[in-house]
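Please open the structure below in your viewer and keep the selection panel to hand. The tour moves from one selection to the next and says what is found at each stop.

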Amino acid sequence: MAENIGVYVCHCGSNIAAVVDCEKIAQAASEWDNVVIARDYKYMCSDPGQNLIKKDIEEYGLTRVVVASCSPRMHEPTFRKTLEEAGLNGYLLEMANIREHCSWVSKDKEAATEKAIALTRGAVRRVVLHQPIKEREVPVNKATLVVGGGIAGIQAALQIANAGYPVYLVEKKPSIGGHMAQFDKTFPTLDCAACILTPKMVDVDRNQNIKLFTCSEVVEVDGYVGNFKVKVRKKPRYVDEEACTGCGDCESACVMKNRIPSEFEVGLGKRSAVYIPFPQAVPLKAAVDEENCLYLKKGKCKQSCVDACQREAIDFEQREEIVELEVGAIILATGFEIFDPSVGPQWGYGIYDNVITGLQFERITNASGPTGGKVLLKDGSEPKKVAILHCIGSRDENYNKYCSRVCCMSSVKFAHLVKEKTDAEVYEFYIDMRTFGKQYEEFYNRVQEEGVHFIRGKGAEVTEIGGELTVRAEDSLLGVYREIPVDLVILNTALVPCSDSEKVSQIFGVSRAESGFFLESHIKLDPISTTNQGIYLAGCCQSPKDIPDTVAQGSAAAAGALAAIATGKVTTSPISASVNEDICSGCKTCLNMCAYKAITFDENKKVAEINEAVCKGCGTCAATCPSGAITNSHFTTEQIFAQIEGVCENG
Amino acid sequence: MSKLKLAVYWTAACGGCDVAILDINERILQVDEAAEIVFWPLAADPKYDDVKNMPDDAIDVCLLHGAIRNSENEEMARVLRQKSKVMIAFGSCSAFGGIPGLANFFDKKEIFERVYRESESTAGKAGVYPSPAVIVPEGELTIPEFYDTVLTLDQVVEVDYYVPGCPPAVDTIWTALEAIITGELPLRGTVIAGVKTLCDECSRKKEEKKITEIKRPMEVEIDPERCLLEQGIVCCGPATRGGCGARCTSANMPCRGCYGPTDHSIDQGAKLVSAIASIIDSKDPEEIKKITHLLSDPAGTFYRFSLPGSMLRRKRKEDVS
Ligand SMILES: Cc1cc2nc3c(=O)[nH]c(=O)nc-3n(C[C@H](O)[C@H](O)[C@H](O)COP(=O)(O)OP(=O)(O)OC[C@H]3O[C@@H](n4cnc5c(N)ncnc54)[C@H](O)[C@@H]3O)c2cc1C
Ligand code: SF4
Ligand code: SF4
Ligand code: SF4
């Protein structure tokens, strides 16, 4: 197979050239079979660099191109385009990663150069076997599904709806709003959370382009970018949403009134079995809690709610519904959950009355909360000494290694609110103070001036000494061990992935990072896309973040979805797997392997089938198939082995 | 028309392939009508020189069964190749190493240690190892040299066709013989057996491949209708070439893999590893470990017949770094 290959070795400024001898690679490459020209250049990705390739394609009649440079995740699209511009199919390119795999991971110039030569040789061997393949264009359904109605989902939904396109917003709770709806004030400006959130929630309700599903969850996703088919399970509310006016008469009449811990009040308040989640709820409709309603649970209740409702809205005949939707894009905005500090008895949560979480403090300090906004101890008295502990469950090898990013700032916010509302001394125990956002450091300085004691050292233990609640910590600035008696401890707990995120990741075919949060395409350059084309991420389901970042990501995800909607079509990667019917034995080994559910079985022909449009070309099935019946284009066995042999060969 | 000149020879093998040829029963008469057997140690009593003295290409077709395990095997393979127009690797040992090939999980030294020193049946002085040449009062005595690595026939000489099986099924043998007799041989290099893997011809019902346990056939009451693998019994069917008529699975025994890989898989053992790994129904690494540990002798199970011809070929040698 004679091909004319051009090999281009990039210096990446000094990123590569400082460790790897680029000239030597080019020299070595010029001796290999099929290579007609080999060059090294300062920046291959620059205009002059790309022009070099284009000129050579013309002058030397190149039929294949190898670029030895950075990760293909960075510039493969760049160089594919270069080839296309010179009239060559973009897939006749192969890249050798001599930066991340060589110069950045070694100081040994000789060894790094040797490895770079080997990788380039592998690329040259492989590229000979490349086939020209064409990207596909698929039409895009103009509707978008947004999953999760926290601030992230609200922002994304409004953005798309305001651009004039339909949105389905699916929220599993009876109201949208997410965590932000529970807060009192928000750092760094101390805006009242409800004041800035409620208008947006109402906008969602009023927007003609948004169809809201509450008490609902997505149970199945089929199809592919531009053409997803989604099944939503709408759980019964047992209240006719049309008829209900949100007056709350049923709630007051319910025989279970004030007997059920309220989720919204994080267990600090009580509610009825039929309830309106919170005064600003959207939709402002009652919902019956199946688990606690006497009638639904035991079939025995005088149904005082039914009598109380003048609109005859209570409807115990309501049943679960499956709604089928067709959408072109999906935005996941399922947020986070709060780390449960009772798993670590050292923190005293659930043991001592006056140890609470940050979220509980948000409710206590909220004017509509259980204490009417007064900071009070369990016994109703005002605290005199308050401890705020950072990093509970974050930055901790035993729980979560990552930093939850918002707790330093919310701790500072809590300190300010305690100071504002009481005369208490406030002690903050922190490992490092991370106040990196716009106006954040200024806010921290302001609170420091308010006389809060900042103690550098992790609150290691909350215990009782002589009947007094005490925080033990090592003060790493003073180098002393401290025991500080307090009467209220606020544990600022980690933001953790939702407990159902494994299930959700499977339904949507997205991956999860080691932390358990959903995985983006590229941590820096594409933090909103996933490896499942057409599915985007927004807010804390991707990683913990504050409201400004959440809102920004919500808008960015909306922009991603809108780009495809506006053009009406998307191009999908031509890299996909296919089954050779003449080889497939119908063993069914591959059927459960596809994360994207692209494989089905034809019971008549007794062979597996792959839907090319759904397939992401991951290659799992090709590796699985014990018959060797599945081939993944652009990653054929021959190509992979040619590359391995090229890398392993000497000289 | 002059009769076809046929040779049958065995190298490192059990002899089962010879018996399998006789198993074609009365059809052997048809073979006899069409062919003259010029060399067949099992049936006649020829000497090495009988073949060595033949002119080149004197044999039309040679069926060679057995792996190449020592220097005599290799020498005869070369001689027969030279004397035969068509060389057929007959049976799994010759085609991809077969049972003798399992020795490649060890080396010569380890095998000798075990056989001539440690073995319970070692009689006389332990630790006397065979050596290719010994001087005795009467002169020098020689025996073939034992190789470190078992080879397939095509690693030693060029092979024209392959007939897999341990031993090849009667129908497979007849297809091959018929092709030889009628002269309608397929493309050179063809494996004369099925194209798809065994699951295609196995009549068991395949539903969902998900297992939470690995069991040995004697540990369960086997459902005669359902796919064995789906019942947790390691069946090599999914990665093994069909054409055998699914003799084992129809007798409630899992496929052991004797027909080797298909044309489209490079390594039968590796394919089995990924197939079994793919169907384990758990995401918990600990549980997966527990399930896989239920499989005794995975290497021997997955590479039972194909180690020398596989990508691995043999266990890594210690002195190679
Ligand atoms: C105690 C505390 C105080 C904070 N204070 C501030 C502050 O002052 N300023 C600031 O900028 N940030 C603050 N933050 C951070 C802020 O909470 C987040 O940035 C923000 O809530 C993230 O919004 P979200 O929409 O991504 O997630 P969430 O608010 O968690 O919303 C997710 C929504 O998705 C729904 N959902 C989840 N799973 C599913 C599913 N499977 N199907 C359907 N719906 C689903 C949930 O019910 C919820 O409504 C604070 C965080 C904490 C814990
Ligand atoms: S009483 Fe009727 S109208 Fe009022 S909140 Fe309850 S269900 Fe709705
Ligand atoms: S694993 Fe391979 S042989 Fe088995 S059903 Fe899937 S494609 Fe067919
Ligand atoms: S795995 Fe074995 S038992 Fe199951 S269908 Fe394949 S050959 Fe038959």
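How do the residues of the shell around ligand 4 divide into nonpolar, polar and charged? They divide into 8 nonpolar, 2 polar and 2 charged, where Ala, Val, Leu, Ile, Met, Phe, Trp, Tyr, Cys and Pro count as nonpolar, Asp, Glu, Lys and Arg as charged, and the others, Gly among them, as polar.

Before going further, note that this is a predicted model, in which local features need pLDDT of at least 70 and side-chain atom pairs count only at pLDDT 80 or more, whereas totals for chains, interfaces and linings use all residues. Residues are numbered from 1 along each chain as its sequence is written, chains are lettered from A and ligands numbered from 1 in the order in which they are written, and side-chain values use heavy atoms, with hydrogens and water left out.

Stay with ligand 4 and select the residues around it, among them B:Cys199, B:Cys202, B:Cys227 and B:Cys235, together with B:Arg204 and B:Lys206; a residue belongs here if one of its heavy atoms lies within 4 Å of the ligand. Chain B averages a pLDDT (the predictor's confidence in each residue, from 0 to 100) of 93, and 98% of its residues score at least 70.

Still in chain B, select B:Cys244, whose sulfur is 6.5 Å from the closest cysteine sulfur, in B:Cys255, and therefore too far for a bond. B:Cys244 is buried, with a relative accessible area of 15% (buried means under 20%, exposed over 50% and partly exposed in between, with a 1.4 Å probe and protein chains only).

Now move to chain A and select ligand 2, which is surrounded by residues including A:Cys244, A:Cys247, A:Cys250 and A:Cys309, with A:Asp249 also in the shell. By class, this shell has 7 nonpolar, 3 polar and 1 charged residues.

Next comes ligand 3, which 13 residues surround, the closest being A:Cys584, A:Cys587, A:Lys588, A:Cys590 and A:Cys625. Its shell has 8 nonpolar, 4 polar and 1 charged residues.

For the last stop, select A:Cys192 and A:Cys195, which are joined by a disulfide with an S to S distance of 2.3 Å (a disulfide is a pair of cysteine sulfur atoms within 2.5 Å). The structure holds 1 disulfide over all chains, and this link is right-handed, with 90° about the S-S bond. A:Cys192 counts as partly exposed at 25% relative accessibility, whereas A:Cys195, at 52%, counts as exposed.
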